[in-house]
2 protein chains.
Amino acid sequence: LSSKKTDSEISDLGEEGWIRLIRKLVPQSSSRVLIGLGDDASLTRIKSPLISTTDLLIEDVHFIRELHPPRLLGRKALSVNLSDVAAMAGIPRFALLSLGIPPELKRKELEEFLKGFLGQAKRFAVELIGGDTTAAEKMTISVTVLAEVAKARVTLRSGARDSDAVYVTGHLGDASLGLHILRQGKKPITRAPGYPYGTLIRRHLDPAPRLELARDLSRIAHAMIDLSDGLVSDLGHILEETGLRRGRTLSAEIETSRIPLSSAFRKYFKLTSRKPLPDPALRFALQGGEDYELLFTAPSSARVRESLSELARKHGIPITRIGVLHRSKTFFIRLFDPFKKELVLPEPIFEHFSKSRSPRKPEP
Amino acid sequence: LSSKKTDSEISDLGEEGWIRLIRKLVPQSSSRVLIGLGDDASLTRIKSPLISTTDLLIEDVHFIRELHPPRLLGRKALSVNLSDVAAMAGIPRFALLSLGIPPELKRKELEEFLKGFLGQAKRFAVELIGGDTTAAEKMTISVTVLAEVAKARVTLRSGARDSDAVYVTGHLGDASLGLHILRQGKKPITRAPGYPYGTLIRRHLDPAPRLELARDLSRIAHAMIDLSDGLVSDLGHILEETGLRRGRTLSAEIETSRIPLSSAFRKYFKLTSRKPLPDPALRFALQGGEDYELLFTAPSSARVRESLSELARKHGIPITRIGVLHRSKTFFIRLFDPFKKELVLPEPIFEHFSKSRSPRKPEP
């Protein structure tokens with residue numbers, strides 16, 4: 001910890017000052033909150049069964065502080081947890097926020113971070129009820145979200161069935177490609193007018209949790225997960241959990257030409273619809289993480305497809321069928337190009353621990 | 001992140017391997033756990049109102065990895081959260097554990113850490129239901145604990161009253177003095193036979209959450225907090241919260257000669273009972289944090305004192321009256337030596353953010 005200080009550095013704010021800042025910015029709590037910030041623990045009213053999820057974000061592993069506007073970083077810290085709640089089709093209620101704060105962080109940056117977090121909380125009716133703060137070398141963000149079950153229905157990873165179709169919401173690969181572009185540019189350029197890849201960068205900086213869509217999908221989906229690790233890894237999680245919990249061994253066939261790609265993504269790789277995806281594009285789309293879209297399995301019947309089209313229109317988010325599941329002896333994922341030729345990914349399908357989610361590591 | 005690897009380094013375990021390790025070590029879950037580890041979020045049965053608390057521990061800020069046996073570190077990571085639950089007189093049920101893992105951490109160390117965490121969880125009937133893992137430069141531990149209210153009664157920081165006596169459990173200053181000794185020795189020496197300060201070091205490495213005692217105290221205490229920041233800071237929190245939430249402005253008078261000190265602590269500073277505490281001893285006792293004892297206020301009536309003596313005997317933990325609260329115009333804490341002389345602490349009473357809980361910084 002540096003002993004060098006300026007007026008605006010966080011070490012001069014003090015822990016007490018930081019708590020006062022939070023209390024100033026946090027809105028009046030609802031009647032669900034009996035004890036919020038300021039005691040040893042919070043005390044809240046919430047329905048059982050309780051959904052709980054937590055994510056840990058560390059500077060230079062999950063985000064690059066100089067390239068991530070603090071307001072969007074605060075928003076993302078909550079969004080990635082809300083995305084996990086979405087994958088369960090839950091209704092988020094409360095959040096706990098712990099921060100490790102580097103001494104050189106400006107008070108203004110911290111305030112912006114908090115405003116981003118609290119703005120997103122307000123949008124989804126989530127209340128900040130607790131947390132912890134400490135000094136740290138790298139900015140460290142740990143968020144826990146507590147949620148209720150909507151209409152006594154949750155969607156799990158483990159519910160996939162033989163002959164289910166595999167669907168995804170939105171577009172894949174944008175967030176990881178956005179990070180790649182952001183790193184090349186070395187500065188946040190989301191607001192530059194006419195800059196063609198702003199939408200890609202925005203998808204990395206400010207992912208949207210699909211909470212409302214997920215609750216509608218829970219009436220249809222057999223299994224659901226949010227896309228945080230990348231399509232291949234996350235589909236692997238569905239197959240693995242279905243095997244572990246239901247004893248159902250399934251394999252997946254994915255038609256890579258069906259993977260939904262945004263126009264900005266296509267433009268970046270100069271893609272035309274006829275040709276198979278070139279290798280780098282394929283890897284961003286299949287293995288780039290952090291799109292925070294939903295991946296789910298459901299019947300491929302005409303009735304289901306019609307319902308999904310309606311939901312896509314209602315929420316303004318595309319829903320695309322990209323493959324199918326089959327019963328099999330072991331679980332595996334096969335990828336096919338538009339000419340039914342099987343593709344082999346140059347890297348192992350499951351990411352290695354030391355590389356997972358690390359923006360400083362070589363790109364996919 | 002280093003690219004140098006050996007067989008036993010964690011980067012070779014892989015995230016999937018780490019999840020398999022956790023699943024291997026986590027015992028069969030109870031019927032309270034509908035969905036535990038392995039999905040996007042957990043789903044559990046718990047009574048409302050819900051107690052929730054979270055703590056963030058970072059290497060070189062809260063602990064020194066080379067000096068902290070990993071099994072005890074795992075235990076402490078849970079204990080400090082259980083201590084917050086104790087301060088509310090709650091019954092802990094579930095824990096979420098997020099870990100940032102440096103690439104050089106050995107698989108064996110991680111397994112030991114997890115065993116320490118799970119051993120303490122088992123002891124207090126807490127179930128591990130979720131978490132997150134990622135690479136990190138410094139080992140980073142974020143724990144959230146969810147708890148129920150015992151007999152519809154919680155104890156808050158904000159309940160202090162005029163004329164209350166101030167009480168503490170156990171001995172103060174041991175943990176911070178233990179850390180000081182540990183740093184001088186530069187190696188963990190808890191098991192060395194005949195080493196006189198092992199108990200002090202142990203109090204830093206492995207604090208005991210006072211859950212059962214706290215639930216008994218909740219029938220008597222008006223306000224309660226666990227001692228994580230140090231006596232003066234934590235008593236300040238009680239006064240501040242009582243002022244904020246109840247509009248009651250109170251000041252405290254503490255008789256420093258009444259502060260309970262362990263025989264090891266007295267031996268280290270060569271203390272006799274007659275003389276005022278020398279400055280360094282005073283500062284460890286008053287401002288050294290992390291004792292995780294309970295600080296509470298309650299009437300000083302003979303009946304209450306008798307009840308507290310009984311509880312002290314029942315739990316084998318001393319309970320000591322160290323001062324008194326008075327109504328006042330502003331809130332403040334006054335400290336007196338055995339000759340009723342007022343003491344002035346050389347440093348501001350509330351710790352500065354950048355210094356709080358940092359073992360690398362100058363000692364108190």
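The model is predicted: local features need pLDDT of at least 70, side-chain atom pairs count only at pLDDT 80 or more, and totals for chains, interfaces and linings use all residues. Residues are numbered from 1 along each chain as its sequence is written, chains are lettered from A and ligands numbered from 1 in the order written, and side-chain values use heavy atoms, without hydrogens or water.

## Chain A

Chain A has 10 helices and 13 strands. These are DSSP runs numbered from the N terminus, with helices (H or I) of at least four residues and strands (E) of at least two. Of the 364 residues in chain A, 62% are buried. Buried means under 20% relative accessible area, exposed means over 50%, and partly exposed lies in between (1.4 Å probe, protein chains only). Among contacts in chain A with a separation of 6 or more, 84% link residues 24 or more positions apart; a contact means heavy atoms within 4.5 Å.

## The pair of chains

Chain A is superposed on chain B by a rotation of 180° with 0.0 Å of shift along its axis, at an RMSD of 0.0 Å. The two copies are thus related as by a two-fold rotation axis. The superposition is by least squares on the C-alpha atoms of residues with pLDDT of at least 70 in both copies. Within chain A, the residue that comes closest to the axis is Ser142(A), at 3.4 Å (C-alpha).

At the interface, 76 residues of chain A are in contact with 76 residues of chain B. The copies meet through the same surface, because 100% of the interface residues of chain A are also interface residues in chain B. The size of an interface is often given as the accessible area lost when the parts come together. Here the buried area is about 6200 Å², with 55% from carbon and sulfur atoms; this is the accessible area (1.4 Å probe) that the two parts lose on being put together, summed over both.

The interface also has 8 salt bridges. Strand β3 (residues 50-58) of chain A gives the largest share of the side that touches chain B, with 8 residues.

## Salt bridges

A salt bridge is a side-chain nitrogen of Lys or Arg within 4 Å of a carboxyl oxygen of Asp or Glu. Over all chains the count comes to 47. The table gives some of them.

| Glu137(A) | Lys138(B) | 3.5 Å |

Asp40(A) lies in the loop between β1 (33-35) and β2 (42-44) of chain A, and Arg157(B) in the loop between β6 (140-149) and β7 (165-169) of chain B, so the pair joins two chains. Asp40(A) is buried at 5% relative accessible area, and Arg157(B) is buried at 13%.

Arg93(A) is in strand β4 (residues 90-101) and Glu148(A) in strand β6 (residues 140-149) of chain A, so this pair ties together parts that are 55 residues apart in sequence. Arg93(A) is buried at 16% relative accessibility, and Glu148(A) is buried at 3%.

Elsewhere, salt bridges that share partners join Asp174(A), Arg203(A), Arg210(A) and Glu293(A) into one network.
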